[in-house]
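Me: I would like to go through this model and ask what stands behind each label. Please set the values against the definitions.

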Amino acid sequence: MTSKKTMILSLVIGLGLHFAAMSLHAQGGDKFKGRLAPVPALGIPAPSVAGVGSASATLSGRKLAVSGSFEKMASAATVAHLCMGPLTGVRGDSVFDLTVSKTGDGKSGTIAGTFDLSPQQVDALRKGRLYIQVHSEGVPNGHLMGWLLK
């Protein structure tokens, strides 16, 4: 091969690898994680609020896929929500329902959901204002909570 053909072939291969890498990055989306921990609740005895969990979320365009797990709750899980607060660490309103799949006595299980976010919700996610809240029979106003952060 001539030097010119080798250079053109190298350029074509380089461009192909560059576009393949860009495509993989776009498919991977932005990743977020959250640690689910007991929510301090007024008037609820401390032993009634227990448990741990984790969650992750992937944002691809405006589609958000959320998954997570929880365990060792003091009472059985009932529902879970994706919520949006006015600031990171400040509780807000529920914006989506997550699917709760309980195992055994319901004190452990998984959460999941896929949602189409509005531009405002995408902005809130990127600013750390979206969080997950798992409710239980013993603490119906929210048992475990965790903010989705980069």
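Me: Why is His-135 called buried?

Reply: The relative accessible area of His-135 is 10%. Buried means under 20%, exposed means over 50%, and partly exposed lies in between, with a 1.4 Å probe and protein chains only. His-135 therefore counts as buried.

Me: What kind of model is this, and how are residues and atoms treated?

Reply: This is a predicted model, in which local features need pLDDT of at least 70 and side-chain atom pairs count only at pLDDT 80 or more, while totals for chains, interfaces and linings use all residues. Residues are numbered from 1 along each chain as its sequence is written, and side-chain values use heavy atoms, with hydrogens and water left out.

Me: Where does His-135 lie, and what does His-135 touch?

Reply: His-135 is part of strand β7, residues 130-136. Strands (E, at least two residues) and helices (H or I, at least four) are DSSP runs, numbered from the N terminus. Not counting residues up to four places away in sequence, the residues that His-135 touches include Met-73, Val-79, His-81 and His-143. Contact here means heavy atoms within 4.5 Å.

Me: What makes the pair of His-135 and Pro-140 a polar contact?

Reply: A polar atom of the His-135 side chain lies 2.9 Å from the backbone oxygen of Pro-140. The term needs a pair of N or O atoms within 3.5 Å; within protein, one must be able to donate a hydrogen and the other to accept it, and residues adjacent in sequence count only if both atoms are side-chain atoms. The 2.9 Å value is set against that 3.5 Å limit.

Me: How do you know that β7 is mostly covered?

Reply: Seven of the seven residues of β7 are buried. In a regular strand the side chains alternate between the two faces of the sheet. In β7, Leu-130, Ile-132, Val-134 and Ser-136 are buried on one side, and Tyr-131, Gln-133 and His-135 are buried on the other.

Me: What makes β4 and β7 a pair of strands?

Reply: Two strands pair if DSSP finds at least two bridges between them. Strand β4 (residues 77-84) and β7 have six bridges and pair in the antiparallel sense; Ala-77 stands opposite Ser-136 in β7. β7 and β8 also run antiparallel, joined by four bridges, and Ile-132 stands opposite Gly-146 in β8.

Me: Why is the pair of Phe-96 and Phe-115 called stacked?

Reply: A search of the whole structure finds two aromatic pairs. For Phe-96 and Phe-115, the ring centres are 4.5 Å apart and the planes are at 25 degrees, so the pair is stacked. Rings of Phe, Tyr and Trp (its six-membered ring) pair if their centres lie within 6.5 Å; planes under 30 degrees apart count as stacked, over 60 as edge-to-face and the rest as tilted. Phe-96 is in strand β5 and Phe-115 in strand β6, 19 residues apart. Phe-96 is buried at 19%, and Phe-115 is buried at 8%.

Me: Why is the pair of Tyr-131 and Trp-147 called tilted?

Reply: The centres of these two rings are 4.3 Å apart and the planes are at 45 degrees, so the pair of Tyr-131 and Trp-147 is tilted. Tyr-131 lies in strand β7 and Trp-147 in strand β8, so the pair ties together parts 16 residues apart in sequence. Both Tyr-131 and Trp-147 are buried.

Me: Why is Leu-149 called partly exposed?

Reply: Leu-149, in the segment after β8, has a relative accessible area of 40%, so Leu-149 counts as partly exposed.
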